[in-house]
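The following exercises concern one structure, and each is followed by a worked solution. Please work through them with the sequence and the model at hand.

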Amino acid sequence: MLENKKTNLIFCHKLIKAFADSMVKAFVPLIILKESGSLKMAMFYCSMMYLLCFVLNLVLKKFLQKYGIVAMILHAFPIIAMQFLLTMKITWALCFAIAVLAAFGQVLYSVPLNILFAFSDRKVNVAKFQIATNVGKLVFIVASGLVIGSDLKNSILILA
């Protein structure tokens, strides 16, 4: 019974986190595109961020397994730094730095949470875990679509 409660709490956390991430991280490539005027730079950011996530998963594997809770606490700092860098004039080097910070934030959060979820319950319900992410993203996409669709001039003010 207690184990099921743990997975329910992780499910709720993942749902809220996915909703919050959708509000922030989904707009990073769009901000890069808007500020730089370069689709290549926005695609470079996306490609580098996912490539760096792969590399960092391999490099930080033992740290993430041993200090998972610490890593989850620290994951906010690269995200905050990334948001600060997005206020500057976007260059290729800055775009790479933003991708590095985004990848660090993603890896420091996702891997320890997946480990925590995997070991929290004897009956690992992966579908329940994954659906939380999808529902959180879906809720934000629908909500932002309603806001943007109602009045395009005021929608940016509401989202900001």
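**Exercise 1.** How many residues does α3 have, and what distance does α3 reach from its first C-alpha to its last? Determine also which residues of α3 are buried.

*Solution.* The model is predicted, so local features require pLDDT of at least 70 and side-chain atom pairs pLDDT 80 or more, whereas totals for chains, interfaces and linings use all residues. Residues are numbered from 1 along each chain as its sequence is written, and side-chain values use heavy atoms, without hydrogens and water.

Step 1. Helices are DSSP runs (H or I, at least four residues), numbered from the N terminus. α3 has 21 residues and reaches 30 Å, close to the 30 Å expected at 1.5 Å a residue; the expected span is 1.5 Å times one less than the number of residues.

Step 2. The buried residues of α3 are M41, A42, Y45, M48, M49, L52, C53 and L56. Here buried means under 20% relative accessible area, exposed over 50%, and partly exposed in between (1.4 Å probe, protein chains only).

Step 3. Viewed down the axis of α3, the buried residues fall within an arc of 145°, so they line one face of the helix. The arc is that of the directions from the helix axis to the C-beta atoms. An α-helix has 3.6 residues a turn, so residues three or four places apart point the same way.

Step 4. Exposed residues L39, K40, Y50, F54 and L58 are carried on the face of α3 turned away from its buried side.

**Exercise 2.** Identify the buried side of α6 and that of α2.

*Solution.* Step 1. In α6 the buried residues are P78, I79, M82 and L85. These cover an arc of only 120° around the axis, which puts them on the same side of α6. The face turned away from that side carries the exposed residues F77, I80 and F84.

Step 2. In α2 the buried residues are V28, P29 and I32. Their arc around the axis is only 100°, which puts them on the same side of α2.

**Exercise 3.** Which residues of the largest nonpolar core touch the most other members?

*Solution.* Step 1. A nonpolar core is a set of buried Ala, Val, Leu, Ile, Met, Phe, Trp, Tyr and Cys residues joined through side-chain atoms within 4.5 Å. Of the 27 residues in the largest one, V28, I32, Y45, M49, M82, I90 and I98 touch the most other members.

Step 2. At least two residues of this core come from each of α2 (28-36), α3 (39-59), α6 (76-85) and α7 (92-120). The largest share, nine residues, is supplied by α7.

Step 3. Apart from neighbours within four places in sequence, V28 is in contact (heavy atoms within 4.5 Å) with Y45, M82, L86 and I98.

**Exercise 4.** Where does H75 lie, and is H75 buried or exposed?

*Solution.* Step 1. H75 lies in the loop between α5 (68-74) and α6. With 12% relative accessibility, H75 counts as buried.

Step 2. A polar atom of the H75 side chain lies 2.6 Å from the backbone oxygen of M72. Not counting residues up to four places away in sequence, H75 touches K17, G105, L108 and Y109.

**Exercise 5.** How many disulfides does a search of the whole structure find?

*Solution.* Step 1. A disulfide is a pair of cysteine sulfur atoms within 2.5 Å. The search finds zero disulfides.

Step 2. The closest cysteine sulfur to that of C46 is in C95, at 8.5 Å, too far for a bond. C46 is partly exposed, at 23% relative accessibility, whereas C53 is buried, with a relative accessible area of 9%.

Note on methods
A polar contact is a pair of N or O atoms within 3.5 Å; within protein, one must be able to donate a hydrogen and the other to accept it, and residues adjacent in sequence count only if both atoms are side-chain atoms.
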